[in-house]
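Let's take a friendly tour of a protein together. Have a look at the picture first, and then read on.

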Amino acid sequence: RDARGSPFRLAVGPGGRSGSERFPCLGRGVCPDSGVCSCVPGYVGASCEQECPGLDHNGLFCSNRGNCTHEGHCSCFFGFAGRLCELECPGGAAVPCSGHGLCTHTGECECEPGYGGEKCQFKNKEVQDFGSAAALAIVAAMTVTTVVLVAYIMLRRALLLRLAASNRLDEEDEEDEEEEAGGCRLGVRGGLLDCLGEA
């Protein structure tokens with residue numbers, strides 16, 4: 001009998017046998033008259049045999065950021081993700097993904113149409129006001145730089161080709177002069193270069 005004088009009944013639940021050194025529900029829960037274990041926080045299963053993910057010596061599980069399902073998985077609170085709910089969603093747990101997307105189980109944002117960025121903080125459709133002007137200025141500067149660079153390369157190439165052609169003509173002129181001179185002894189006659197006789 002119990003302290004109140006009522007007959008004492010021992011309910012043997014899953015995981016335990018009467019008179020055995022093993023406790024009902026593996027000592028991780030209580031077994032009422034229904035014979036179904038009611039597990040303490042941090043354990044699940046028919047016999048409370050399964051620990052919740054990340055269970056520590058303080059009895060905390062799922063990084064204290066989620067609930068443990070009957071299957072033994074973490075169901076994370078809003079704004080957290082990961083197998084152990086160890087990841088805080090981009091943009092912060094209070095307003096994950098800047099309020100413009102969904103935080104996946106990997107802790108990344110899937111942005112709504114029209115938004116982008118790691119935290120879905122940028123509007124893609126059309127950049128407005130200062131953002132539009134800055135974007136256009138950057139694009140214009142890049143375009144001008146590209147045009148100037150291409151023009152410089154083409155001009156430099158044209159100058160090099162012209163210089164090479166000029167050098168080739170000078171060499172041909174020198175060869176012609178040598179051929180014209182032949183075996184003559186060159187000298188100046190009447191202010192002009194002339195053959196004064198055989199060399």
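This is a predicted model: local features need pLDDT of at least 70, side-chain atom pairs count only at pLDDT 80 or more; totals for chains, interfaces and linings use all residues.

The text below covers confidence first and then two residues.

The protein has an average pLDDT of 79, and 69% of its residues reach at least 70. Among its elements, strand β7 (residues 80-81) has the highest mean pLDDT, 97, while strand β14 (residues 192-198) has the lowest, 63. Along residues 16-21 the pLDDT remains under 50, and the model gives this stretch seven contacts beyond four places in sequence. Residues 126-130 also have a pLDDT below 50, with two contacts beyond near neighbours in sequence.

Now for the two residues. Is Cys52 buried or exposed? Cys52 counts as buried because its relative accessibility is 3%, and the cut-off for buried is under 20%. You can find Cys52 in the loop between β4 (50-51) and β5 (66-68). Leaving out residues up to four places away in sequence, Cys52 touches Gly42, Tyr43, Val44, Phe61 and Cys68.

Arg83 sits in the loop between β7 and β8 (87-88). With a relative accessible area of 62%, Arg83 is exposed, because exposed means over 50%. Apart from neighbours within four places in sequence, Arg83 is in contact with Pro53 and Cys74.

Here are C-alpha separations for these two residues:

| Pair | Separation along the chain | C-alpha distance |
|---|---|---|
| Cys52 and Cys62 | 10 residues | 7.3 Å |
| Arg83 and His73 | 10 residues | 7.7 Å |

Technical notes: Residues are numbered from 1 along each chain as its sequence is written. Side-chain values use heavy atoms; hydrogens and water are left out. pLDDT is the predictor's confidence in each residue, from 0 to 100. Helices (H or I, at least four residues) and strands (E, at least two) are DSSP runs, numbered from the N terminus. Contact means heavy atoms within 4.5 Å. Buried means under 20% relative accessible area, exposed over 50%, partly exposed in between (1.4 Å probe, protein chains only).
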